[in-house]
Amino acid sequence: MKTIAVVIASLIAFSGKGHAADIIAPVKEIMEATKSNWADNNSDWTDIFDASRLDHLYSRDFVAKYQAAAQFPAIDDDGISPFDYDVIVNGQDACPLEDLTMAAAPVVDGVAEVAVRFKKSACSDAPDAKDYTTVHFLVVEEGGKPVIDDIVTENIETQARDSLKATLALIAKGQ
């Protein structure tokens with residue numbers, strides 16, 4: 001019980017006068033869009049990096065790195081995105097996301113890590129279809145509101161954590 005109180009106090013302290021839920025808000029918006037993108041509802045694809053989202057969900061540093069990388073679109077006929085895959089599911093294919101959970105860790109050095117866990121391949125017959133994927137959103141406060149400063153995925157093959165900001169910097173360098 002004491003641990004829960006410490007986590008809640010840390011989250012509230014992060015936003016000054018806000019609520020713990022505020023830290024999760026930008027992550028929740030991205031995950032709702034991602035969940036909709038992979039749902040079986042034939043809805044239009046939602047770009048989690050469109051101008052309106054870049055403007056209010058991401059840190060200035062993340063936006064600068066994204067805009068630099070966007071000068072090198074992954075697909076010539078797209079001309080917009082530096083990615084040819086979904087950075088949240090970390091692939092080009094996925095099933096409707098299942099068992100999605102979000103949990104914010106205590107704030108450390110001004111950064112709150114929000115871990116999002118889900119099954120991305122549950123509709124598949126692959127041996128790892130029931131495995132969970134975990135994505136870590138690093139949330140900071142800018143202008144009095146929480147914003148996403150990085151998205152970190154777990155690389156199953158290398159056991160490393162891959163930073164999207166680092167990937168954006170490599171793309172901007174033409175790598």
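What follows is a short exchange about a predicted model of one protein chain.

Visitor: In what order do the helices and strands run from the N terminus?
Guide: The chain holds five helices and five strands. Read from the N terminus on, the order is α-α-α-α-β-β-β-β-β-α.

Visitor: What share of the 175 residues in the chain is buried?
Guide: The cut-off for buried is under 20% relative accessible area. Among the 175 residues of the chain, the buried share is 38%.

Visitor: What share of the accessible surface belongs to carbon and sulfur atoms?
Guide: Start with the total. The accessible surface of the chain is about 9800 Å². Carbon and sulfur atoms account for 52%.

Visitor: Among contacts between residues at least 6 apart in sequence, what percentage joins residues at least 24 apart?
Guide: A contact needs heavy atoms within 4.5 Å. Take the contacts in the chain between residues at least 6 apart in sequence. Of these, the part joining residues at least 24 apart is 51%.

Visitor: Which residues does the disulfide join?
Guide: A search of the whole structure gives one disulfide. The cut-off is 2.5 Å between cysteine sulfur atoms. Here the S to S distance is 1.8 Å, and the partners are Cys95 and Cys123.

Visitor: How many residues apart are Cys95 and Cys123?
Guide: Cys95 sits in the loop between α4 and β1. Cys123 sits in the loop between β2 (112–119) and β3 (133–142). The pair links distant parts of the chain, and the separation is 28 residues.

Visitor: Is the link of Cys95 and Cys123 left-handed or right-handed?
Guide: Look at the angle about the S-S bond. For Cys95 and Cys123 it is -80 degrees. That link is left-handed.

Visitor: Is Cys95 buried or exposed?
Guide: Cys95 has 7% relative accessibility. Buried means under 20%. Therefore Cys95 counts as buried.

Visitor: And Cys123, buried or exposed?
Guide: The relative accessible area of Cys123 is 56%. Exposed means over 50%. So Cys123 is exposed.

Visitor: Where is Asn90 found, and what is its phi?
Guide: Asn90 is in the loop between α4 (60–69) and β1 (98–104). Its relative accessible area is 36%, so Asn90 is partly exposed. Asn90 is not a glycine, yet its phi is positive, near 60 degrees.

Visitor: Which strand holds Asp99?
Guide: Asp99 is not a glycine, but its phi is positive, about 55 degrees. With a relative accessible area of 41%, Asp99 is partly exposed. The strand that holds Asp99 is β1.

Methods
Residues numbered from 1 in each chain as written. Predicted model: local features only at pLDDT ≥ 70, side-chain atom pairs only at ≥ 80, totals over all residues. Heavy atoms only, no water. Helix = DSSP H or I, 4+ residues; strand = E, 2+ residues; numbered from the N terminus. Buried < 20%, exposed > 50% of the residue type's maximum accessible area, 1.4 Å probe, protein only. Areas by Shrake-Rupley, 256 points an atom, 1.4 Å probe, with all protein chains shown as cover.
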